[in-house]
Amino acid sequence: MTHTLIQCFYNIPLDPEIESVLIRLGSRKNAPIDADFFRMLEEGMKQAKILSHPTGLYLPLKIFQRTADTVVLENETYFQSTSLSRLLQNSEETVLMAATIGPEIVDAIMNEVTQKDAALGVILDAVASQTTDAVLDWMMDYLNILLAKKGRKLTRHRYSPGYGDLSLVYQKSIFETLKLNKLGLKLTDKYMLVPEKSVIAIAGIEPKEY
Amino acid sequence: MKKTAFDNFINDRFVLLDGATGTELQKRGMPKGVCPEQWVAEHPDIILEVQNQYVEAGSNIIYTCTFGGNRIKLEEFSLGESVFGLNQKLAALSKKAVGEKALVAGDLAPTGRMVEPLGDLPFEKCIAVYKEQIQGLLAGGVDLFVIETMMDIQEARAALIAVKENCVLPALVSMTFDQNQRSLTGTDPVTALITLQSLGADVVGCNCSTGPAEMAALIALMKPYARVPLLAKPNAGLPRLINGVTVFDMDAPEFAGYAQVLINAGASFLGGCCGTSPEYIRELKNKTLGQSRPVSLTPAFSGVTSARKTVFFGSDHPVKVVGERINPTGKKKLQEELKNGLTQEVRRLAMEQTQNGAEILDVNVGMPGIDEKQTMAEITTLLSNFTDAPLCLDSSSPVVLESALRLYPGRALINSISLEKAKIEKLLPLAAKYGSMFILLPVSDEEVPERNEKRREIVWEVFRKAQQYGFHKEDMVVDGLVMTVSSNQQAALETLDQIEWCAREFGSPSIIGLSNISFGLPERSWVNAAFLAMAIGRGLTLTIANPSSDLLMGIKMASDVLTTRDRDSLRYIARFSQGEKQHYGNVPGPEVMSIRERIYRAVLRGEKEDIHLLIEQALQESVLPGEIVDDCMIPAINEVGQLFDAKKYYLPQLIRSAETMKLGFDKIEPLLGADQKSNTSGLAKVVLATVKGDVHDIGKNIVGLMLKNYGFLVHDLGKDVSKERIVAEAKTIGAEIIGMSALMTTTMTEMKEVIQLARQVGLQCKIMIGGAVVNADYAREIGADGYAKDAYEAVKLAQKLIMNDAHLDKSILP
């Protein structure tokens, strides 16, 4: 990768799969779906699309140094995490990513759950989470197409601060590196992203044979 | 080189392009990580040698070594100020290398930045970046341009517009498609071809990303719609990284073995991309030697594109509905939003119309109090990503239309161009420049003709003018100029005759704005539907209508079947024969069920709107209140719980059922005997909060709602609540349970603090926790009394906790 700038995407065209939303709602594989519920789900997916602004950005950064439990990037961003180090074991470069679908849908979910139609609110919540993840999936697919030309690919998995032994504290350095305030995001004192349907992730770039 | 000279150059031969340059430079010593453009400028003999070898091998067109020669790319090497000089020098070197033996194409390639509407690089800036490079290449003497390896249709458009606004040289455009036959940003090959050839590309095709076999499949997709020659410049098979070096798996003879496959697919410009060398071009030449290119022109056709979809129309296609609803006239909410720069209503209307069957969306934002040009550009940008449906850009202002046409990453339909001088003189050149189709409104400065004869004259006159800009009849859509039958009953017949004339004689598609026909009449929908059916019968191609009308859409689809435009009735069948899905509790219809069964069913299926009426009916039928609760509602909600536990019901269904139960119980409670009542003072009280520092409370709110529905008295303190406040509130109200939620590892520790404080002040209440990062082990570790993984578990846990606490069961359920 020769990108040195943050690559931004706005209004990414996404239509989350209904099956993925059902899984978030606790679906069992091939479980029958009640027709009324299916209609409710379709309505929720439609409303969620209207209320979402799928936005994502990424920045590739070289790995400056990696030990069994630390990773240091070229811009001196430092992570202490065995699991992240393991994820990046075949990588010389990482991609820092962030995704958000904006505040409008979060407000709508709260409004539905507390004031109007809680069942619809729950569906909107599931679709919103799935859409936020789908932004990351979309960017990873995008990057994989670019990388394939060079015989490289992204690690199959991505990692987010707050999972495994990668502390949530690292949201701060990634937030600052990616300048997420420019997307209208905020980070709370406890390192949470606002609006709620926002997520930060890290993946590695590795040769295709892995 | 002018287009005619280029056409003569191509003549009837297969044109051979060059192969890879980067790897040839590396073979000759170019180090990794340097700026190739600068390195070549400093080592001119090497590019002379490489390009000379390509010419000797048979290349008719050589690309300048300027793949990364735009300002954005050169700035990565701090060479942003050398754009003109480097491009001029490299173009001159290529000219020197090939002499008179081949043409030199100025190479324009991706900037590496994503351009709007998907990215953050402003479209005009992108055009400016290419213009700067083009000027250098022109100064160096290039014969034509090639825009290559484009992964985003909008960036390809920017480069092509930049070429067309700088010179009259021919432009070849080749896109890169991956294995799922889409560009990086989702454009399919046919859509890319139609968009680019409409915009003025002289050759369109594919390069890079795939080997020759896969590329032949892409070319074959394009071929039926190609009105320009097609280009194929595949890689030498698939890339692999071996010992840090990218290698390709196909040698020159194997690669050239696909030449005939590519030719048969429709390619007439052949070359090689990554992994190829002069040897590959020599082999290609051997395979094409002596063959002449079949020069068959694909007939003109009617089709508009978005960035990701083409919609074709014509007499052999089903009638396409152009959704009319994105228009502020008479829509207060849309007007308000547009004034305030908001777009939710636009998105809603776009989605509603496409879901109901509109395949093209008309966009009109004309209203007082807004900057129409800016708003049109913004809405066009938004809808370009939000929907796959191509847009019909609707404005009376040429300035407004140009702002949208320039930005729109597809081939739009302009609504509309008439013979009115102010319109036609400005709009025809615009439509031609951006390759748009247009609706031809048969109106002149003198009149809005009622009679068909005059309309035909105007259509012919506009067409003759449009022809001068290269338009065909298939590029225009003649408006039926629908007038209201309530003031002139002949109006419908005139329009129908005009539609038939377009279809059978003139040869252009036609369109009607349907609803005008019935203005002033009662029950307008019947008139509209009848008129639509008659118009389709006479050969109508498009209609501007509201696709939310089931009657209209049904008539349209039925008419498509009856006029054989819906082949094998496939679309009709797909729309109207969707099988019913399973209902739980739906065995007999409600009309044959007893009132007890209907109450049971209402709770089971969460029919909260019906429950009060059903209870009233049951009471009228002398069912005792206690029986309604014990025999209908409780068994139903128990079954809901079982269905949820078995993962046959989802949380939203559980919520609906619980809400129905609660509504029913509230209705019936005053009628119950004292032993069956739960008075408010006796309900179990739960203090609920998301802990300090945590801002997530959607899950906690759902738990609160469920607890309420199951008969708990919930005091929800909200999110980011301090331990002191949680404990104080629990103490004040005498809570039986404190429920806490935390979604993050950084805030889950706060739960322990709350428990410690509660115990310090002597609170004996039970404590339950939940949230994405906690579990039962953590609950035990911090001294909580329980953990619930979801809202229903929380209800069950709360019930269990109050039972264990030797309280009476104070919730609704056992």
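1. Over which residues of chain B does pLDDT stay under 50? The stretch is residues 806-814 of chain B, for which the model has 27 contacts beyond four places in sequence. Here pLDDT is the predictor's confidence in each residue, from 0 to 100, and contact means heavy atoms within 4.5 Å. Those contacts should be read together with the pLDDT under 50 of residues 806-814.

2. Basis of the note. This is a predicted model, in which local features need pLDDT of at least 70 and side-chain atom pairs count only at pLDDT 80 or more, while totals for chains, interfaces and linings use all residues. Residues are numbered from 1 along each chain as its sequence is written, chains are lettered from A and ligands numbered from 1 in the order in which they are written, and side-chain values use heavy atoms, with hydrogens and water left out.

3. Confidence. Chain B averages a pLDDT of 91, and 96% of its residues score at least 70. For chain A the mean pLDDT is 90, with 95% of the residues at 70 or more. Helices (H or I, at least four residues) and strands (E, at least two) are DSSP runs, numbered from the N terminus. For the complex, the predictor gives an ipTM of 0.86 and a pTM of 0.86.

4. Extent of the interface. In chain B, 56 residues are in contact with 64 residues of chain A. The size of an interface is often given as the accessible area lost when the parts come together. Between chain B and chain A the buried area is about 5600 Å², of which carbon and sulfur atoms give 62%; this is the accessible area (1.4 Å probe) that two parts lose on being put together, summed over both.

5. Three salt bridges are counted between chain B and chain A, a salt bridge being a side-chain nitrogen of Lys or Arg within 4 Å of a carboxyl oxygen of Asp or Glu. The side chains of A:Glu104 and B:Arg347 form a salt bridge, at 3.3 Å from N to O.

6. The chain B side. Elements giving two or more residues to the side that touches chain A include β8 (239-242), α15 (344-355) and α27 (651-668) of chain B. The most comes from α27(B), with six residues. By class, this side of chain B has 21 nonpolar, 19 polar and 16 charged residues. Ala, Val, Leu, Ile, Met, Phe, Trp, Tyr, Cys and Pro count as nonpolar, Asp, Glu, Lys and Arg as charged, and the others, Gly among them, as polar.

7. Backbone points to check. Most residues other than glycine have a negative phi, and most peptide bonds are trans. A cis peptide bond joins B:Glu116 and B:Pro117, with omega about 15°; B:Pro117 lies in the loop between β3 (103-108) and α7 (123-139) of chain B. The bond from B:Asn415 to B:Ser416 is also cis, with omega near 10°, and B:Ser416 is placed in strand β16 (residues 413-418) of chain B.

8. Positive phi. B:Ser209, not a glycine, has a positive phi of about 70° and lies in the loop between β6 (203-207) and α10 (212-222) of chain B. B:Ser209 is buried, at a relative accessible area of 18%; buried means under 20% relative accessible area, exposed over 50%, partly exposed in between (1.4 Å probe, protein chains only). For B:Leu481, phi is near 45°, and the relative accessible area of 9% makes this residue buried.

9. A local site in chain A. A:Thr70 lies in strand β3 (residues 70-73) of chain A and counts as buried at 11% relative accessibility. The side chains of A:Thr70 and A:Thr67 are joined by a polar contact of 2.5 Å. Beyond four places in sequence, the residues in contact with A:Thr70 include A:Tyr78, A:Phe79 and A:Ser85.

How values were computed
Polar contact = N/O pair within 3.5 Å; in protein donor to acceptor, adjacent residues only side chain to side chain.
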